[in-house]
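Here are my notes for your first look at this fold. Keep the viewer open and check each point as you read.

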Amino acid sequence: VLADINAAQLEQVAGDLHTDVLALAVDVRDSQAVEGLAAAAFDRFGQVDLLFNNAGIVSTGLSWEIPLARWQQEFDVNVRGVLHGIHAFVPRLLKAGRPAHIINTSSVGGFLPSAMMSPYTATKAAVVAMTESLHAELRLLEAPVGVSLLGPGPVQSAIFNDPFTTGTEGGDARVGEFTNMLRTMLAEYGLSPERFAEEVFAAIRQQAFWILPQPEALDEALHRRMQNILARENPPMSWS
């Protein structure tokens, strides 16, 4: 089952897969659309084994220069999109009473706040908290549904092709420099989608909650951040 807001690209991906595919154009900001996706998936295949709440967008810029409408859009996609997936699928998974697994995509940015990316890091931090809560709730119910938090570092994707990523018109010149740095990092150091998928599915098979395929992008900086908080020290400009 494939779902994406871009119907043309969705059709292209579906055409490349040599299996039975259900492809639906879905805007995850729309709870009824996600509800329809869940109903269609169960109607077509009778069960759902893996649910990936993966839709995400990113903005760069100074917090007060990023338009409020863009802040709203980012929360609608990155946070409410995951929430809509939980609301639509979890009741059906519980009713089915069979093993299944939910994977919510956050980011290393969900653990390491960054200048010039405030909406993104805020929304991804929310996904971390939501996913930990979901995991605790399903354990409380002793449900056969597992949960994982996926926190990627750089992965070669089209996330920076979004025109809103380029920053705010007329804003600080450093925004463009920062965005170009991110694009370069993605191209030079990002995992390929194929390698990334191998790491993710291996972790799912192990029933791992924390799926962090690039520890080199997180562990040292996260340790410094935790020590910083425990020492009540002011945060630095960057955790990198």
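1. Start with a term. Lys and Arg count as positive and Asp and Glu as negative, while His and the chain ends are left out. By that count the chain holds 16 positive and 27 negative charges. Their mean positions lie 5 Å apart. Bear in mind that this is a predicted model.

2. Next, the overall dimensions. The C-alpha trace spans about 50 × 40 × 35 Å along its principal axes. A compact globule of 240 residues would have a radius of gyration near 18 Å, and the chain, at 18 Å, agrees with that.

3. Now the surface and the interior. The accessible surface comes to about 13,300 Å². Carbon and sulfur atoms account for 56% of this area. Of the 240 residues, 40% count as buried.

4. How much of the contact total links residues 24 or more positions apart? Among contacts with a separation of 6 or more, the share is 67%.

5. Count the elements. The chain has seven helices and six strands. Along the sequence they follow the pattern β-α-β-α-β-α-β-α-β-α-α-β-α.

6. Then find the sheet. Four strands form an open sheet in the order β3-β4-β5-β6, and the pairing is parallel. Strands β3 and β6 (210-211) stand at the edges with a single partner strand each, so one side of each has no neighbour in the sheet.

7. Look at β5 within that sheet. Strand β4 (residues 100-105) pairs with β5 over six bridges, in the parallel sense. I103 stands opposite S148 of β5. Towards β6, two bridges join the strands, which again run parallel. Here L149 stands opposite W210 of β6.

8. Is β5 mostly covered or mostly open? Strand β5 (residues 145-150) is mostly covered, with six of its six residues buried. V145, V147 and L149 point one way. G146, S148 and L150 point the other way. Residues on both sides are buried.

9. Finish with a loop residue. V58 sits in the loop between β3 (50-53) and α3 (68-96). Why does V58 count as buried? The cut-off for buried is under 20% relative accessible area. V58 has 1% relative accessibility, so V58 counts as buried. Where does I159 lie relative to V58? The two are 101 residues apart in sequence, yet their C-alpha atoms are 7.1 Å apart in space.

Key
Residues are numbered from 1 along each chain as its sequence is written. This is a predicted model: local features need pLDDT of at least 70, side-chain atom pairs count only at pLDDT 80 or more; totals for chains, interfaces and linings use all residues. Side-chain values use heavy atoms; hydrogens and water are left out. Buried means under 20% relative accessible area, exposed over 50%, partly exposed in between (1.4 Å probe, protein chains only). The radius of gyration is taken over C-alpha atoms; the globule rule is 2.2 Å times the number of residues to the power 0.38. Contact means heavy atoms within 4.5 Å. Accessible areas come from the Shrake-Rupley method with a 1.4 Å probe; for residues, only the protein chains shown count as cover. The place of a charge is taken as NZ of Lys, CZ of Arg, CG of Asp or CD of Glu. Two strands pair if DSSP finds at least two bridges between them.
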